[in-house]
Amino acid sequence: MAKSPTSAAQSLELPLSFIWRELRIGVLVCLGVAAFLTLLFGDRFWINLVYSLCIGLTIQALIETGRHGFDAWLRRRNPGAVNDGRRWPGWQIMVPWILVSVALGYTFGSIVAAGLTGTSHLHDSLLANNWRALAVIMPIVIAISLGTTYFFYARGRLAVTEAQVQAARRAAAENQLKLLESQLEPHMLFNTLANLRVLIGTDPPRAQAMLDRLIAFLRATLSASRTGRHTLAAEFDRLADYVALMGVRMGPRLASRLDLPEALRDLTVPPLLLQPLVENCIKHGLEPKVEGGLIEVRARRDGAVLELTVRDTGVGLPDGRPIQETGFGLVQVRERLATLYGREASLVIAAASDERGGTLATVHLPIDDPTT
Amino acid sequence: MSDTPPLRALIAEDEPLLAAGLQADLAALWPELQIAAVVGDGASAVEHALALKPQVCFLDIRMPGLSGLEAAQALAEDWPASAPFPLVVFVTAYDQYALQAFDAQAVDYLVKPVDRPRLAACIARLQARLADRTPKTDALQQSVDQLRALLGATAPAAMQRLEVVQAQVGAVVHLVPVGEVIYFEAADKYVRVITADREHLIRLSLKELLPQLDPQAFWQVHRSTVVQARCITTARRDESGKVYLSLRGRPETLTASRLYAHLFKGM
């Protein structure tokens, strides 16, 4: 089934409710036309109404059939085209089709209405070659047909836009949730708590210190999605918290070095940008390695470019194969960089080139802080 | 009961504090239990368990090198018939998938952080099982059943099927249709690909290869062997429960471990 409410209602799977929605508007328009004609020409209202309904609904049926028919035909011919669920083949097809529908519908509707009412009405003019009356009626009918079609077109477009906005909002919320989930990875959280539980019994001051780290990390994680930027100093503090928590867990297997030059402390970066990279290094590089290793985070300035590197001396990338880019952490870092800096920022993951082995992640950001 | 051997346990846990914590809690709740070894990775767990023959093993699931599940699998395959197989308790921080599979036939399964009452319940269960153990009761068989369920639960989802194995030798790549492969054998970080007349090495672990093979056609019969079913001519079982397979087109016999012996039953 189609996803958006519009296309669901307009698709042929729900013909009854679709016909009912269309009919409501069609009948309303016909009532208006009948009233207008009664005022204009002074005929009896009910006769005008029968004519108006017969002609109007026939025209509407023709237009709508054409709209769906042409749309389906176009889509069959061109299956690659984007389907926005509107069922709209374009004005260049619809305007001629509306004119054809008006001509056919007017003729057919007049004949039926004349039969129903037993009158030889004004509308016989078409058959009687009364061109003057026809010249008054026709533009009105065409204008109403175009107007009603435009109304359906605009309504469809509005509904599609709304559905797109909804979908975008949903995607954003889902992403936030996934971001949070990836940072509060249950395995990490429960292992940390298990360690805390042991420390409370054996080394309360150390337990307290660990708890402080955990609190700072959780606070940063929960507000990371809300704040736009924080300083590089704050970023490194949060990384230090995370590495310290992991250090308690891994013991001597994890060594770390965080290197932030004094001059770069006040530059701003998106919060917890590097955390997924550090987490990857630990999770995929160091944790699987029996003897563990070193994690190193550095910041360096090169003109107007800020270079941030995260490297480990772990098991390294699976050899001979491209880096797995499907992990949510990396995808998320890339997306944030692209959103905030466009093509000016980059993230490269590669095997570390020196003899210590492991993986090296390099982020390049433009420095846009005028104060430095 | 005077000549009962001392009760010994092995703890395999890569986080030192948690290992120490478990050791301390066990000492408090089950003082008769000696901790024979505390190790931090799966390979050491296997090595020490085989050497020390403890009655109980606490295995963390996520460990460097071999995981707890793989370590238990290795133990089940290499355990000598002379000693009773240890009761295995798995420990993990968060692995729901295994929990479900485990429900059916657990010796036990602990979720970290482990509180004292939960650990006490685990100890009671272990004690009951140990007391119940007539000399030849099959803890091994129970562990084997349990592991089979766990390994099944953790099996990776089916990937795209491999049609042709590509083995590189220098600048030449040999293409071997999967149907011609008689068996695959893990060799360190490589897999040996054996056909009727040739042998190739591919840079891929058996674990990575397995989901790409059709499980109907290729049977895992050992933690390091996957064989094409239609190439097996006979399966002969010995008294220890191991099964020996002879092959069509190859002179050697393969060993199917106890874990996979159930594949070979008369119809």
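Okay, some housekeeping. Residues count from 1 along each chain as its sequence is written, and chains are lettered from A and ligands numbered from 1 in the order in which they are written. As the model is predicted, local features need pLDDT of at least 70, side-chain atom pairs count only at pLDDT 80 or more, and totals for chains, interfaces and linings use all residues.

Now, chain A. Look for an open sheet of five strands, in the order E2-E4-E5-E7-E6, with mixed pairing. Strands here are DSSP runs of E, at least two residues, and helices are runs of H or I, at least four, numbered from the N terminus. Two strands pair if DSSP finds at least two bridges between them. At the edges sit strand E2 (254–259) and strand E6 (346–351) of chain A, each pairing on one side only. E2(A) runs parallel to strand E4 (residues 293–302) of chain A, over six bridges. One to find on screen: Arg257(A) has Glu296(A) in E4(A) as its bridge partner.

Next, where do the chains meet? Contact means C-beta atoms, placed from the backbone, within 7 Å. Chain A brings 19 residues and chain B brings 14. On the chain A side, helix H7 (186–202) and H9 each give two or more residues, and H7(A) gives the most, with 10.

Over to chain B, with seven helices and 15 strands. Of its 267 residues, 38% are buried, which means 20 or more other C-beta atoms within 10 Å of a residue's own; exposed is 12 or fewer, and partly exposed is in between, with C-beta atoms placed from the backbone.

Most residues other than glycine have a negative phi, and most peptide bonds are trans. Yet the bond from Lys112(B) to Pro113(B) is cis, with omega near -5°. Pro113(B) is in the loop between strand E5 (108–111) and helix H5 (116–131) of chain B. Leu272(A) has a positive phi, near 55°. Is Leu272(A) buried or exposed? Leu272(A) is buried, because it has 25 C-beta neighbours inside 10 Å. Lys53(B) also has a positive phi, near 50°, but Lys53(B) is partly exposed, with 18 other C-beta atoms within 10 Å.

Note on methods:
Contact = placed C-beta atoms within 7 Å.
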